[in-house]
Amino acid sequence: MQVTSVLAGIALGALVGCTNAADLRDQFRKSDCHLPFDRRLRLEGGAPVIVLGHVLQVDEIGQPQQSSREPRIGTQLTRITIGVEEVIKGNVKLNQIEFYYFTFSPAASEVDLGVPRYLPDVGQRRIYFLKPSYGSYRSVGDVTDYTLRVSSGSHTKGFCRGKSPNRCIAEILLLPQADVDTKLFIVDLIRSEYVAEVLCSRLTAEDLMQKLTHHPDQSIADGAREVIAGTRSPR
C-alpha cells in the first residue's frame, strides 16, 4: 500500500508538471542585479509557496533565448525536479514537484551578469520560493539567485509544524541536523544569521546563534561565537 501511494504521488507530480513551456517568459530585469539582499528576502518571503527540497533532476527546455526585457542577457528555461522535504508555506501535498526557472546563459549573453546567479545541480538542498503557473510552479524570480542554500542537513517531515514560515526558515538554516555539512554550515553562518534577523528579528537571530555556541561540535560552536562577536555593533 505504501509503495502504491508513493507511485501515485510521483504520477500526480508528473501531471502537475505538465505546462506549456512556450508560454513562459523570463521575469529578469536589470534592476534585479542591484536588489539589496534584505529586499530580496522580503520579496521571497511573500511567495505563495515556499518549500525545502533537494534537486533530483535538471532539464533544459529548448534553446537559450534573449531576455524579454534585457536583450543583452541570455536566459535558459530550465525545469527543476525536487524531492520536497518540508512545506514551509502553501498547499503542496506531493513528495516530488517540478518548477521552472530561467537561468543565465553565458553563451547567449553579450555581457556578464556581474552578480551571483543560480545554477541548479542534482543533490542541492535549498529553500525555493515559488508561485503557481499553468498548472505547475515557477520561481518568483529568474536568472539571479532566488533560493536559499541549506547546509544544515536534512529535516524530518513536520519540522515546520506550528511555526510561522519566517521562523521555520530561520530554524532550518540555523539548527544543524545529524547530517549537517559542517564546513559549509560554518561558511553560511553569517548569511544565515542575517536571514533570521531580516525575516524574524534580531532577538530571534541572537537566540538561535547563542544555542549554537553550545553545540557539541566545537568548530560549529566556535564559528557561532565569531559571528556573534562580529554582529555586536549596531547595524
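**Figure 1. The whole chain, end to end.** Start at the N terminus and the elements read α-α-β-β-β-β-β-β-β-α-α-α-α. That comes to six helices and seven strands in the secondary structure of the chain. Keep in mind throughout that this is a predicted model. The chain has 235 residues, and 48% of them count as buried. If you take the contacts between residues at least 6 apart in sequence, 72% join residues at least 24 apart.

Figure 2. Is D32 buried or exposed? With a relative accessible area of 5%, D32 is buried, because the cut-off for buried is under 20%. Its contacts, once you set aside neighbours within four places in sequence, are Q27, R40, T144 and Y146.

**Figure 3. Helix α2 against helix α4.** Here residues 37–45 (α2) pack on residues 182–199 (α4), at an angle of about 60° and with the axes 10 Å apart. That angle makes α2 oblique to α4. The crossing, as α2 passes α4, is right-handed. On the α2 side, look for F37, D38, L41 and R42; on the α4 side, they meet R191, Y194, V195, V198 and L199. Sort the residues of this contact by class and you get six nonpolar, three charged and no polar ones.

Figure 4. Strand β3 runs over residues 74–89, and I80 is part of it. The relative accessible area of I80 is 0%, so this side chain's residue is counted as buried. Which residues does I80 touch, not counting those up to four places away in sequence? The list is V55, Q57, I97, E98, F99, Y101, Y118 and P120. Take F99 from that list: F99 and I80 are 19 residues apart along the chain, yet 5.5 Å separates their C-alpha atoms.

**Figure 5. The buried face of helix α5.** In α5, which spans residues 202–212, the buried residues are T204, A205, L208, M209 and L212. Why do they line one face of the helix? Seen down the axis of α5, the buried residues fall within an arc of 130°, so they end up on one face. Here's the helix geometry to remember: an α-helix has 3.6 residues a turn, so residues three or four places apart point the same way. What covers the buried residues of α5 includes α3 (165–174), α4 and α6 (218–230).

**Figure 6. Helix α3 alongside helix α5.** This view takes one of the helices covering the buried residues of α5, namely α3. The two helices pack at an angle of about 25°, and their axes are 11 Å apart. At that angle, α3 is roughly parallel to α5, because angles under 35 degrees count as such. From α3, the residues R167, A170, E171 and L174 meet T204, D207, L208, M209 and L212 of α5. By class, this contact has five nonpolar residues, three charged and one polar.

Technical notes. Residues numbered from 1 in each chain as written. Predicted model: local features only at pLDDT ≥ 70, side-chain atom pairs only at ≥ 80, totals over all residues. Heavy atoms only, no water. Axes fitted to C-alpha atoms, helices over the stretch in contact; angles between N-to-C directions. Helix = DSSP H or I, 4+ residues; strand = E, 2+ residues; numbered from the N terminus. Parallel < 35°, antiparallel > 145°, perpendicular 65-115°, else oblique. Left-handed = near helix turned anticlockwise from the far one by under 90°. Contact = heavy atoms within 4.5 Å. Nonpolar A, V, L, I, M, F, W, Y, C, P; charged D, E, K, R; others polar. Buried < 20%, exposed > 50% of the residue type's maximum accessible area, 1.4 Å probe, protein only. Arc of directions from axis to C-beta.
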